[in-house]
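Here are a few exercises on how two chains meet. Have a go at each one before you read the solution.

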Amino acid sequence: MQANLRKALIILFASACLWQSYQYWYTTRGMENGSEALASWERRFEEAREIIPIKRGVIGYLGEWDIPGTKYDVADQTAEYLLTQYTLAPLILERGANAEWNIAILNSSTFQAWEQEHQGKYQVYRLKNHVYVLQKLGNK
Amino acid sequence: MTLLSVSLFLIPALTGTLLIHLLLPERGIAFLLFKLALGMGLGLGVNSIIYFLTLLIAPAWPRASLILPGGLLILVLTLTILQERKRNTPLLTFPQISRVQWILLGVTASALFFSGLIFFNWTQSRPQGAYDAWGIWNRSARFIYRDPENWQATLSPDLYWGTHPDYPLLVPLNVAWGWSAIGHETPRTPMVQSAFFLAANLLLMFSSIYMTRTLGQASLATLVMVSTPVFISFGYGQIADSPLAFFILATTTLIYMYFKFDQPKYLILAGFIAGLGAWTKNEGLLFAVVSLFALFLAPGREEFSRGLRWYALGLLIPMIVVLYFKIALAPSSDLFAIGENNTSLLARVLDFSRYWIIIRAVVKTLFTYAGWPISIFIQMAVYALIMRVDGSKVSRHGALVIAVAVILQLFGYFAIYVVTPHDLVWHLNSALGRLIFHIFPTTVFLLFASVVDPENVFKGIDQNILS
């Protein structure tokens, strides 16, 4: 009795494993191409890399989570921060716009609100796709 | 780029295999596969240490990072040829394979085929790897590759804590080394390293069970690994969890071999490999410590002092590197910062509601683990219950040490969750599955090293067919 149970168990176990492999493969067919989003994120910063003259050291980073009163999703903001850090390595991105060179990723209205509060303090380079390079003035 | 990356990583993998062959000259197909699996991990680990030392000593001389591994391969190859000349026995002997074994091998090969397709689909969809790949590991590799003279910027305390600048460097150093050798930053390099560790995990599982038990049992153990969705999901991701799972599995299988064959060389190697685990992730550092405790707790006192000496000897060299890195270079870990809501470490330790939250999360994860309809741990428990331990074939001391090491590792993870300064629920959701994955291959090994094998169960059938 026990011998038959063991035989059945091995057959069942091996079949379940094979079926699971097949099922998993089936679900991965035609997966969406997540890399395209990452590659396009990297392309967004090509111009910024040319403008920022330093190739190492600390630059500032402004996201929507740094602007008081702005609604944002923490997970999205964290991912954008990490992606930008990955893209601009080996520059170190520190939250805030306190460095001489800073990068901001803000939607138009949020950037306008921020700019009004900081008029005359930064030279602003407006790039495509809501990317801004901010050079702090009087800090050279 | 893929072929170039494969060829590059073959240099350390081959060096590692030959180094292990010099230490373990045993013959036979199972031993050969075992040496190949261990060699892949050992070689990549040693390669990253060589590159680390090169960066420390001569960052402006990038050619050293290629000359040294190449030179080491030539040296080890020469020593191997000299050693092999003295031997008369063939390197490979193929066993007779029974019908049951062929069937199990066939099923495992089919699952392997599907897993290869799954790996391909994932890497096509996410060539830059999982979230943590670009957030942590390849981010670090870019810092090293793009500015080798200032590579220590990857450890800057100014970096956002979520990029984990304090993490050890085995994985990113190998990626940066690959890019530096190719002269181009390509996602194929971290992808190939992931594939190497994935293959090494499977090969190690297969060969270690084959060495200690039977071919059918080895096929079943490999089948469980390869058909478990999280194994491929973590494996493709260009992150350090699959390499760490490999180093933990390699350490425990070598400890098991030591108790099974009573040869100290296994324990020296186990110590060295555990050290490479500590060079892979902080959780590997925890494992290096708990595996020492496991050796201390499990067998008798005499075994302890003898075994521990060999193990510590092996651990020494990689741990010097790890401790130098941790003490002199890396910033402090985010785990010991002031907690959210300004809670102190002591306040977190004394907050017993945290313990309950952790226990509930662990139980829930274990009962739904690995992407199977029924948790793989439940399936393995049922399998063990029906198949029963084969007392005549299992090394009780070896199994005990592994079980103690796994339990201590889980306690260590528990303690980390108690003190974590981050939001506890978020931290559990984001990392618990990955932590359990670190010990998953080892639990599969422990199960299949212990229970009755399929050859025994189907003995009558094979005998009838053969007669």
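**Exercise 1.** Work out how many salt bridges there are between chain A and chain B.

*Solution.* Look for a side-chain nitrogen of Lys or Arg within 4 Å of a carboxyl oxygen of Asp or Glu. Between chain A and chain B the count is 2. One pairing joins the side chains of E42(A) and R142(B), at 2.9 Å from N to O.

This is a predicted model: local features need pLDDT of at least 70 and side-chain atom pairs pLDDT 80 or more, while totals for chains, interfaces and linings use all residues. Side-chain values use heavy atoms, without hydrogens and water, residues are numbered from 1 along each chain as its sequence is written, and chains are lettered from A in the order in which they are written.

**Exercise 2.** Find how much area chain A and chain B bury between them.

*Solution.* Start with contacts (heavy atoms within 4.5 Å): 46 residues of chain A touch 53 of chain B. Next, take the buried area, meaning the accessible area (1.4 Å probe) that two parts lose on being put together, summed over both. That comes to about 4,500 Å², with 70% of it on carbon and sulfur atoms. On chain A's side, F13(A), Y24(A) and Y86(A) supply 16% of the area buried against chain B, more than any other three residues.

**Exercise 3.** Describe how α1(A) and α16(B) are oriented to each other.

*Solution.* Helices here are DSSP runs (H or I, at least four residues), numbered from the N terminus. Helix α1 (residues 2-28) of chain A packs on helix α16 (residues 376-387) of chain B at about 155°. Over 145 degrees counts as roughly antiparallel, so that is how α1(A) and α16(B) run.

Note on methods
Axes fitted to C-alpha atoms, helices over the stretch in contact; angles between N-to-C directions. Helix = DSSP H or I, 4+ residues; strand = E, 2+ residues; numbered from the N terminus. Parallel < 35°, antiparallel > 145°, perpendicular 65-115°, else oblique.
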